[in-house]
Structure formats: structure tokens, C-alpha cells
Amino acid sequence: MKKDEKFNLPTVDDFFERTHGSYVGRIEKIETKKLNEFKGHPFKVKEDAEMEQLVESIKENGVLNPVIVRELEDGSFEMISGHRRKRAAEIASMEEIPCIVRKLTDEEATILMVDSNLQREEILPSEKAFAYKMKMDAMKHQGKETLLPLDTKYTGDKIGKEQGDSRVQVHRYIRLTELILEILNMVDEKKIAFRPAVEISYLKEDEQYTLLDAMQFNDCTPSLAQAISLKKRSLENSLTAEKIDEIMEEEKSNQVRKFKMNMEKIESVLPRNVVSQKDREDFIIMCVKERNKRQKQKEYNR
């Protein structure tokens, strides 16, 4: 080598392009305002205590792990992985962040988005449900394009094996996507058990809303046996509002017993300032206690 000849070390971008090609992608800094959300992204980005810690870390050290994006035909970018880091960077007032830019088809992007986000420590049932559904649809579409159609059993087995779930469990999660939002939120909040929720997903939308009213009135959720009974009636087209009430009124271990009263009679004797349901309950309990106290006093004076 000549004395004045310069020797240039390869950059990180050169390494990625030369050794892995466009699939792995190139690294560049992109303005956060140019990064579009992934369409139908099923994972929630919570601004909680962990987000606050991430923001502080980014303020101090920057975004150490690049997010993954893909470049679209119009020159814009779509987020694939790293939605929490992007949001934390925005909160930290960072205008641009390091990104790995990949060239991906719609199906490849969906599968990568699902797989990368399923690595989170905490995943809500609804998030896993829609993620599994999106990945299964993408895999089936890939099969059509390659003239090797993939059936539901195969895709369910493959998804389950990758995530540590059985094929049956994968399909149970996907069934949750048929729930109305109010009941799906109850599953996320652990107010309704997973298996009964799967059975409820077979109910028609109007039946689910009727069931929601019954759950709120009885202050309980269906057991697995009740949910199976509801599903059976629905499939037979015989699930009426009366039948839902009848099934939900069956007493079980997780039900709070209700004492039903004629509210018109009760309201006629309640003070005007007793308005809320809690105030009414407290007032009635106070009256019952006072009556019991007087009854005991009478018995003592005899």
C-alpha cells in the first residue's frame, strides 16, 4: 500500500447492506414526525411508570436500540417495531431517532411486527388475540401468493409453536376478536375469565349487549358452564333476553347475592338528598340496623 493511500473502514450501514442485503436493511436517522403508525397495530403504548423510566433513559443516553421501519412506495416510513421507544423519544423532545429501514411486503411487515411485539413481558389478551389473527391472515395470504395455500390448522400449529401456545389456544385467542369492546375490555381487566369469554364470542352482537346488561345487573360474569349454555342457545337461535336472564340468575360461587325490592315504594320514603345507589344502600342498612337495635331494646324491656 502506498504511503499516501487512504484506507477507509466500512461503515455499519455498509456492513448491513453487504452481508445481509435489503431484508436486514440500512440504518439511518429519521424524523419522528415522518414515522407513521402501523395500520391496525394491536399493541397498546401505555404512558405509565415504565414509560417514564424509558423517557429518562433516552434523555440521558439517547435511543440505543434502533426501531424497525419499512419504506413505503410514496417515500414515507411505517413503524414495525419500537413503538414505545418512538413515543418515549417524542416525550423526550427528540426530533429524530435511529431506524433500521427494511424493504418488506405487507405480509412480511405484519409477521415481523407481531413477532417482535409478542416478546413483551406483559401482553393483554386482546393484544395477543388481534396479533394472532393478523399473523394468521398474513401467513395465509403468503401461501396464496406462492401457490402453496396454508390451511388454518397448519398456521395455528406454526404460530402456537413459536409462541408456546397450542393450536387450540391460538384459535381461542383469535375468537376473542369477535367480542364487543365492552366485554373484551372486561377480559383485559380480568373481570371475566378467559375460557367463558371464548364461548361468549360465539354470541351475536345484540346478544352480547343483552348479556352485558345482565352481567351488570347481577354483578357477576358467566361461569364456563353458563357460557357454554349461552353459546348453545345462540347457535340454536333460541337465546332470548329472558333466557339470558334465566341463565345469569343461576347462583354460583362468583356471584354477589342480590336483594330485590320495589324501588317505587322505597323511593317514596327516602329523603330527597339520598340520590346515588351507594347512598340508598347505606341509608337502608342504617335503617335496618336502627330497627334491629330498637327491637332488641323492646325485648330487653319486657
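In which hand does H2 pass H3? I looked this up and found a right-handed crossing of H2 past H3; the crossing is right-handed if the near helix is turned clockwise from the far one by less than a right angle.

I note that this is a predicted model, in which local features need pLDDT of at least 70, side-chain atom pairs count only at pLDDT 80 or more, and totals for chains, interfaces and linings use all residues. Residues are numbered from 1 along each chain as its sequence is written, and side-chain values use heavy atoms, with hydrogens and water left out.

I then examined the geometry. Helix H2 (residues 49-61) packs on helix H3 (residues 83-91) at about 65 degrees, the axes being 9 Å apart. H2 is therefore roughly perpendicular to H3 (65 to 115 degrees). Helices are DSSP runs (H or I, at least four residues), and axes are lines fitted to C-alpha atoms over the stretch in contact, with angles from 0 to 180 degrees between N-to-C directions.

I listed the contacts (heavy atoms within 4.5 Å). From H2, Glu-50, Met-51, Leu-54, Val-55 and Ile-58 meet residues of H3, including Arg-84, Ala-88 and Ile-91.

Methods. Helix = DSSP H or I, 4+ residues; strand = E, 2+ residues; numbered from the N terminus. Parallel < 35°, antiparallel > 145°, perpendicular 65-115°, else oblique.
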